[in-house]
Amino acid sequence: VVVEVRRGLSPAAVLSKLYSSTRLEGRFSINMVSLVGGAPVCCGLKDMLRHYLQFRVGVVERRARHQLSKATQRLHLLQGFMTALGRMEEVVQIIRGAPDSAAAHQGLVAALSLSSEQADGVLG
């Protein structure tokens with residue numbers, strides 16, 4: 001917003017009149033209480049923004065760690081699938097020769113050096 005002042009008028013007086021007769025400048029109170037370390041603390045604007053940013057950084061870090069954990073688990077399972085695909089005939093013989101799924105599970109773990117999760121993935 002640009003306000004041009006006529007000759008002979010004081011820019012400070014015009015600005016003062018704008019502030020007093022419009023809502024360009026207003027004051028209101030805010031009770032800014034946040035939980036810091038589990039305790040309620042009354043904060044100023046700068047502290048409130050700092051605490052909020054720390055909270056958001058923590059949220060993003062936890063979400064990234066969770067997604068990394070899920071991706072690592074998925075990678076482990078896919079490595080088991082790759083091992084089973086490379087030795088498919090052996091996998092079929094173990095499964096067909098086992099009397100039940102528990103024996104097939106044990107056979108896959110022993111013969112292919114798969115983990116329990118990888119064997120469950122191959123079987124199911």
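Predicted model: local features only at pLDDT ≥ 70, side-chain atom pairs only at ≥ 80, totals over all residues.

Guide: Let's begin with His105, which sits in helix H4, spanning residues 101-112.

Visitor: Is His105 buried or exposed?
Guide: The general idea is to compare relative accessibility with a cut-off: buried means under 20%. His105 has 16% relative accessibility, so it counts as buried.

Visitor: Which residues does His105 touch, leaving out those up to four places away in sequence?
Guide: With those set aside, His105 touches Ser116, Ala119, Asp120 and Leu123.

Visitor: And which residues form the largest nonpolar core?
Guide: For a core, look for buried nonpolar residues joined through side-chain atoms. Here the largest one has seven residues: Ala84, Val91, Ile94, Leu108, Leu112, Leu114 and Ala119. Helix H3 (88-97) and H4 each supply at least two residues of this core. Take Val91 as an example: beyond residues up to four places away in sequence, Val91 touches Ala84, Leu108, Leu112 and Val122.

Visitor: How do the axes of H3 and H4 cross?
Guide: For a helix pair, read the distance, the angle and the hand. The two axes come within 8 Å and cross at roughly 145 degrees. The crossing of H3 past H4 is right-handed. On the H3 side, the contact is made by Glu90, Val91, Ile94 and Ile95, and on the H4 side by Ala104, Gly107, Leu108, Ala111 and Leu112.

Visitor: How many residues of each class does the contact of H3 with H4 have?
Guide: By class, this contact has seven nonpolar residues, one polar and one charged.

Note on methods. Residues numbered from 1 in each chain as written. Heavy atoms only, no water. Helix = DSSP H or I, 4+ residues; strand = E, 2+ residues; numbered from the N terminus. Buried < 20%, exposed > 50% of the residue type's maximum accessible area, 1.4 Å probe, protein only. Contact = heavy atoms within 4.5 Å. Core = buried A, V, L, I, M, F, W, Y, C linked by side-chain atoms within 4.5 Å. Axes fitted to C-alpha atoms, helices over the stretch in contact; angles between N-to-C directions. Left-handed = near helix turned anticlockwise from the far one by under 90°. Nonpolar A, V, L, I, M, F, W, Y, C, P; charged D, E, K, R; others polar.
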